[in-house]
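Try each task on your own before you read its solution.

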Amino acid sequence: MKTITVLGATGSIGQNTLDVIARHPHDFRVFAISGHANLPLLVTSAVACSARYIVISNESSYAALKDLMSEANCHSEILVGAKALEQVSSAPEVDTVMSAIVGAAGLLPTLAAVKAGKRVLLANKESLVMSGELFMNAVREHKAELLPIDSEHNAIFQCLPANFEYAELQRSGISKILLTGSGGPFRTKDLDTFESITPDQACAHPNWTMGRKISVDSASMMNKGLEFIEAKWLFGLKESDIEVVIHPQSTIHSMVQYVDGSVIAQLGNPDMRTPIAYGLSFPERIESGVEPLDFASLADFSFTKPEKQRYPNLYLAIDACKQGQSSTTVLNAANEVAVQAFLDAKISFLDIARINQETLQQLEYIELDSIAQVIEHDSLARRIANTILGKLL
Ligand code: NDP
Ligand code: MG
């Protein structure tokens, strides 16, 4: 019986995680779940999974949460604030932590789980984008078991040789990592019409159902850019080892190419419960509720290169990755500010890349030697991005 904390339980990944856990009541028990604004879902989830603790971000939600809990006959204990997230991630009772808070808010609780040597199921890619080297050093130092949940990285993880030593690509006979992406809802849209894209159009992903922030990132392919950075740190790669390929059907979730010409791919229906189940049960396999692929109905399998003009955010991210840690921290922060402004209908879809590029230009590259410096630099980048945003309003 494994004991799990689910950070970001009210989100898309969080709910899928609870769904997989509920299918295996004799294998997993839930220690704590966290949420932010969606208190009703937090309470129904806590009742359904019998969570011992519920963690919320703000004291101001406490009274409303208490009322909802007494209506629902929910007996979980309430904890409040960022420190409480770290507490439930590092508690001695916990074996596994699902890191599924969106954005920079996920970094510190994920690091707390790493420092406590837990099995960490990493959905929050922002942790690695913001602090890749420091984060991976902490994983090694504290002997945490880091398993990727992002479907592409989970696919790569499944396609690597069993004895794969990170940062030893050549010795493992690997020539390249192929990161696939669907190209999002605007893959074939006329570029002249991009200025009028609405948030709902950007969030209507053709294949995956996800939270709104990552859906916008998928439409701009910033998500693939963040995943490029994530892959570099996770698997110890050089930028030249990674190639991004558009595969609109989202059936192949990524591939590993070997020096002998073999390419090993992981396939499946686009449903996050597959990588979540693999992370929960690794090295075993458990049932996830995902329908098996019906090969007879897979009419098309196509691959193209992402165009620079259509996906400027992808190329900004690859360039930032080549520059190093402070650039990816800046890009992540600017993009969070820009995407939120786009979702609030304050700026156009094209303004996201404008804000990201200008923020990167305005901040000089510096070495970031500690998590405190990463967080300080993230705040600085947000201030600059907000100033640039202010001029666009
Ligand atoms: P959602 O927006 O659906 O969920 C985000 C979760 O984080 C919710 O539980 C939300 O609470 C909580 N949250 C939001 N802001 C804060 C905050 N400031 N402090 C604490 N908690 C907060 O996102 P997803 O589930 O789609 O994504 C989660 C992470 O997983 C992201 O990093 C994303 O990049 C990654 N990911 C997601 C995939 C997917 O298919 N969805 C695929 C691969 C990676 P509430 O809703 O209660 O406000
Ligand atoms: Mg992904």
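**Exercise 1.** Work out in which sense strand 6 and strand 7 pair, and over how many bridges.

*Solution.* Start by finding strand 6 at residues 119–122 and strand 7 at residues 145–148. Strands here are DSSP runs of E with at least two residues, and helices are runs of H or I with at least four, numbered from the N terminus. Two strands pair if DSSP finds at least two bridges between them. Strand 6 and strand 7 have 4 bridges, in the parallel sense. Across the pair, arginine 119 stands opposite glutamate 145.

A quick word on the source: this is a predicted model, where local features need pLDDT of at least 70, side-chain atom pairs count only at pLDDT 80 or more, and totals for chains, interfaces and linings use all residues. Residues are numbered from 1 along each chain as its sequence is written, while chains are lettered from A and ligands numbered from 1 in the order in which they are written.

**Exercise 2.** Find the domains, then say how far apart the centres of domain 2 and domain 3 are.

*Solution.* Using bounds from an automatic or database domain assignment, you get domain 1 (2–148), domain 2 (157–297) and domain 3 (324–392). Taken over C-alpha atoms, the centres of domain 2 and domain 3 are 25 Å apart.

Definitions and conventions: Buried ≥ 20, exposed ≤ 12 C-beta atoms within 10 Å, placed from the backbone.
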